[in-house]
Amino acid sequence: MTEFAITAYTRDGQVLSFPCSRDESLLAAAQRQDIILPSQCRNGSCGACTAQVRTGTVAANAPATDDRPLSKAAARNVLLCQATPRSALIIDLPYDHTFVRFEPVPERLAEITALDVVAPGTYHLRLSLVRDAYGCAAEFEAGQYMEILVPGTTQWRAYSLMNITNWEGCLEFVIARRPEGLFGRYLETASLGDRLRVKGPLGVFTLQENGLHPRWFIGGHTGIAPLLSMLRRMADWGEGHPVRVYFAVHDEQDLFLMDTLEDLRQRLPALEVKTCVSAPATRGAHQGNVIDTLDADLATAPVPPDCYVCGSPRLVQGVMDRVTAHGVPRERVYFERFSV
Ligand code: FES
């Protein structure tokens, strides 16, 4: 079987090399060599495995029968979980070497210590790691996520952490119950003390050090969770960036954890919070559609901000289109999309 040589450069210039056949995804081929690159859904919907092809040709989808090479322009950005090679490749990875793992992601046990409904169909879940070979600390970068095994199934679900690294082993999440959602359904009957299997930390949606640029955080509903984690880290580290949060929901009743945002406003004097409620009947004191609100604010922003956005693919694309139209460089828009 023909195998192509794949050379991947991390953002900090480290080199990774692995072979890949024409009928396996680049992500799977790397993993076969114990190079575990950041990913999430593995079905092409979340964008967590996006990379750039510098030289060489890829096909868009994993099946071996798909021989159509992408156009030169389209081939620049690829999803590693979907792309298969048609030649040797040089790839640029949009994260540093520290985000690549060379051993299985740690799997641990954690106990439910708090479970509260904070908005209709939205839970605030707090877990405590059980002491094991890794100790009991919860170590992760602000903005990363964990996977949780849905009890009684073999299905893992990914949720962003909303707290920060800590010695006590505390993991906090906000989780929306979706109509067909397995984990949300489990939470309806979950009890304090239940033990869950968790895997992580995972993900590369983390704060970037670009000097003292303003940071604008845009979160759609539970997409606010990793942004709260980043804000908490900024508050703990005393970071002085001008910072703004856009918390976008459909109805006013969907706004949650406002006391947490208020607490952060006390700790980060440069923090401004904008709640964007899109349903006209419930807008009240809040802004309207988050994209229109951003549009107006960017028109008068003295310098283009670094933008961090987390939410549905539609929200992320809408924000990306609007902020780049206002001159924010694409490489300074950091995002995480919900899987669909
Ligand atoms: S892991 Fe490739 S798109 Fe989600």
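## Contacts around Val309

Two residues count as being in contact here if their C-beta atoms, placed from the backbone, lie within 7 Å. With that in hand, let's start at one residue of this predicted model. Leaving aside residues up to four places away in sequence, Val309 touches Ile218, Leu315, Val316, Val319, Val333 and Phe335.

## Domains

Let's step back to the whole chain. Three domains divide it: domain 1 covers 3–99, domain 2 covers 107–202 and domain 3 covers 215–337. Taken over C-alpha atoms, the centres of domain 1 and domain 2 are 30 Å apart.

## Two nonpolar cores

Which residues touch the most other members of the largest nonpolar core? They are Leu171, Phe173, Ile218, Leu227, Tyr246 and Val309, out of 65 residues in that core. Helix α4 (residues 224–237) gives the core its largest share, with seven residues. Domain 2 (107–202) and domain 3 (215–337) each supply at least three residues to this core.

## Helix α4

Helix α4 deserves a visit of its own. Is α4 mostly covered or mostly uncovered? Mostly covered: ten of its 14 residues are buried. The buried residues are Ile224, Ala225, Pro226, Leu227, Leu228, Ser229, Met230, Leu231, Arg232 and Met234. Of these, Leu227 is one of the residues already met as touching the most other members of the largest core.

Just after the helix comes Gly238, whose phi is positive, at about 65°.

## The six-stranded sheet

Finally, have a look at the sheet. Its six strands run in the order β11-β10-β13-β8-β9-β12, and the sheet is open, with antiparallel pairing. At the edges sit β11 (156–160) and β12 (170–176), each of which pairs on one side only. From one strand to the next, the twist averages 40°.

Strand β10 (residues 145–149) meets strand β13 (residues 195–202) in the antiparallel sense, over three bridges. Which residue of β13 is the bridge partner of Ile148? That partner is Val198. In general, strands of a sheet pair through backbone hydrogen bonds, either parallel or antiparallel.

Conventions: Residues are numbered from 1 along each chain as its sequence is written. This is a predicted model: local features need pLDDT of at least 70, side-chain atom pairs count only at pLDDT 80 or more; totals for chains, interfaces and linings use all residues. Two strands pair if DSSP finds at least two bridges between them. Helices (H or I, at least four residues) and strands (E, at least two) are DSSP runs, numbered from the N terminus. Axes are lines fitted to C-alpha atoms, for helices over the stretch in contact, and angles run from 0 to 180 degrees between N-to-C directions. A nonpolar core is a set of buried Ala, Val, Leu, Ile, Met, Phe, Trp, Tyr and Cys residues joined through C-beta atoms within 7 Å. A residue is buried if 20 or more other C-beta atoms lie within 10 Å of its own, exposed if 12 or fewer, and partly exposed in between; C-beta atoms are placed from the backbone. Domain bounds come from an automatic or database domain assignment.
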